[in-house]
Amino acid sequence: MNFGKVVTAMVTPFNEQQEIDYEALDILIEYLIENGSDGLVVAGTTGESPTLSDEEKLALFSHTVQQVNGRISVIAGTGSNQTKGSIALSQAAEKTGVDAIMLVTPYYNKPSQDGLYEHFKTVADSVQLPVMLYNVPGRTSVDLAAETVIRLSAVDNIVAIKDASGDMDKVTEMVAQTDASFSVYSGEDALTLPSLAVGAIGIVSVSGHVIGNEMQEMIAAYEQGAVKKAASIHQRILPVMQEMFAAPSPSPVKAALNRNGVNVGGVRLPLLPLNDEQLQSLNHKLELLEQVK
């Protein structure tokens with residue numbers, strides 16, 4: 001299943017009281033639709049899912065579905081390290097009208113590959129929605145093996161993976177050994193172009209908040225055979241991609257959005273806003289990009 005080329009893992013806007021700011025959310029959604037996002041992941045890592053209650057997540061899903069109104073895909077982050085809890089949230093999310101769910105590899109409890117297979121299959125079997133797997137070993141301390149992904153791709157509604165392992169051999173193997181209907185997305189902004197080169201379909205992105213149009217341009221150039229042009233765009237936007245992860249995400253991307261007039265507020269503890277030195281570096285990289293547009 002194709003959710004588009006640039007799927008943005010959307011931040012969750014907060015007001016000064018650290019509550020979800022739904023007015024700001026509407027503005028953010030419209031901004032992302034107008035600036036290169038083919039789809040949105042709601043309440044993923046970039047949406048500060050560890051700090052959101054299930055009630056807040058469901059409210060976010062419902063509100064986003066209503067605001068998007070079918071224009072792009074809405075993917076709900078419903079995974080956790082508790083299979084029963086993931087099932088409950090996924091089934092509740094299905095009732096909000098989201099287009100798909102995203103399930104992260106269970107963190108902290110370090111299941112085996114067989115345990116991962118059973119977890120994902122059990123949650124997928126509990127809903128009718130398409131499922132995107134999410135492998136991010138740097139955060140979860142468990143790596144979803146290519147062989148397990150290939151096995152899971154045979155489950156009818158497991159249709160895609162966001163892979164943030166940084167392992168291009170794994171990306172290649174998954175593309176080569178899954179059906180053409182199964183979509184492999186990069187989960188690392190800086191590896192978007194290399195991932196396309198080995199057969200990935202697109203990117204689930206943090207940087208898409210601020211360079212979504214440039215990422216679309218790069219992907220289009222590559223797909224049209226203008227490889228040197230795609231490489232040139234990659235070289236131009238790479239410093240901004242790197243800056244989005246120079247401090248714990250989503251602090252940098254929220255600061256970038258606020259700088260650009262899309263006010264999304266700060267982050268919830270235990271994350272912190274950027275300090276003055278980090279803000280100066282971020283502003284410098286964004287200014288350099290603006291100068292060459």
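Pro270 is placed in the loop between α11 and α12 (276-291), where helices (H or I, at least four residues) and strands (E, at least two) are DSSP runs numbered from the N terminus. A cis peptide bond, with omega about 15°, joins Leu269 to Pro270. The peptide bond from Ser249 to Pro250 is also cis, with omega near 15°; Pro250 belongs to the loop between α10 (227-243) and α11 (251-259). The model is a predicted one, in which local features need pLDDT of at least 70 and side-chain atom pairs count only at pLDDT 80 or more, while totals for chains, interfaces and linings use all residues. Residues are numbered from 1 along each chain as its sequence is written, and side-chain values use heavy atoms, with hydrogens and water left out.

Positive phi values occur in residues other than glycine. Ala43, in the loop between β2 and α2, has a phi near 65°. With a relative accessible area of 3%, Ala43 is buried; buried means under 20% relative accessible area, exposed over 50%, and partly exposed in between (1.4 Å probe, protein chains only). Tyr108 has a phi near 75° and is located in the loop between β4 and α4 (113-125). Tyr108 is exposed, its relative accessible area being 75%.

The loop between β2 (39-42) and α2 (54-68) also holds Thr46. In an unreviewed UniProt entry, the annotation "binding site" covers Thr46 and Val204. UniProt positions are given here in the numbering of the model, feature names are shortened, and annotations may be inferred rather than shown by experiment. Although the annotated positions are spread over 159 residues of sequence, they cluster in space, with a largest C-alpha distance of 10.7 Å. Both Thr46 and Val204 are part of the lining of the second largest pocket. On a 1 Å grid over the protein atoms alone, a pocket is an open set of points with protein on both sides within 12 Å along at least five of seven lines, whereas a cavity is a set of points where a 1.4 Å probe fits but cannot get out; lining residues have an atom within 4 Å of a point.

Thr46 is buried, at a relative accessible area of 5%. Not counting residues up to four places away in sequence, Thr46 touches Ala9, Met10, Val11, Thr12, Val206, His209, Ser249, Pro250 and Val253, a contact being heavy atoms within 4.5 Å. Val204 lies in strand β8 (residues 202-205) and is buried, with a relative accessible area of 2%. When neighbours within four places in sequence are left aside, the contacts of Val204 are Val7, Ala9, Val41, Met132, Lys162, Tyr185, Ser186 and Gly187.

The volume of the largest pocket is about 420 Å³, where grid points are joined across faces, edges and corners and the volume is the space filled by probe spheres set on the points. The lining of the largest pocket comprises 22 residues, of which Ser49, Pro50, Gly79, Val104 and Tyr107 are the closest to its centre. At least two lining residues come from each of α2, α3 (83-94), β4 and α5 (137-140). The most are given by α3, with three residues.

Strand β4 (residues 100-104) includes Ala100. Ala100 counts as buried, at 0% relative accessibility. The C-alpha atoms of Ala100 and Leu196 are separated by 23 Å, the two residues being 96 residues apart along the chain.

Helix α7 (residues 168-177) has Lys170, Val171 and Met174 among its buried residues. These residues lie on the same side of α7 because they cover an arc of only 100° around the axis, taken from the directions from the helix axis to the C-beta atoms. An α-helix has 3.6 residues a turn, so residues three or four places apart point the same way. The buried residues of α7 pack against β5 (131-135), α6 (146-152), β6 (158-163) and β7 (183-186). Asp169 and Ala176 are exposed, on the face of α7 turned away from its buried side. At the start of α7, the backbone nitrogen of Asp169 has a side-chain oxygen of Asp167 within 3.0 Å.

Key. Polar contact = N/O pair within 3.5 Å; in protein donor to acceptor, adjacent residues only side chain to side chain.
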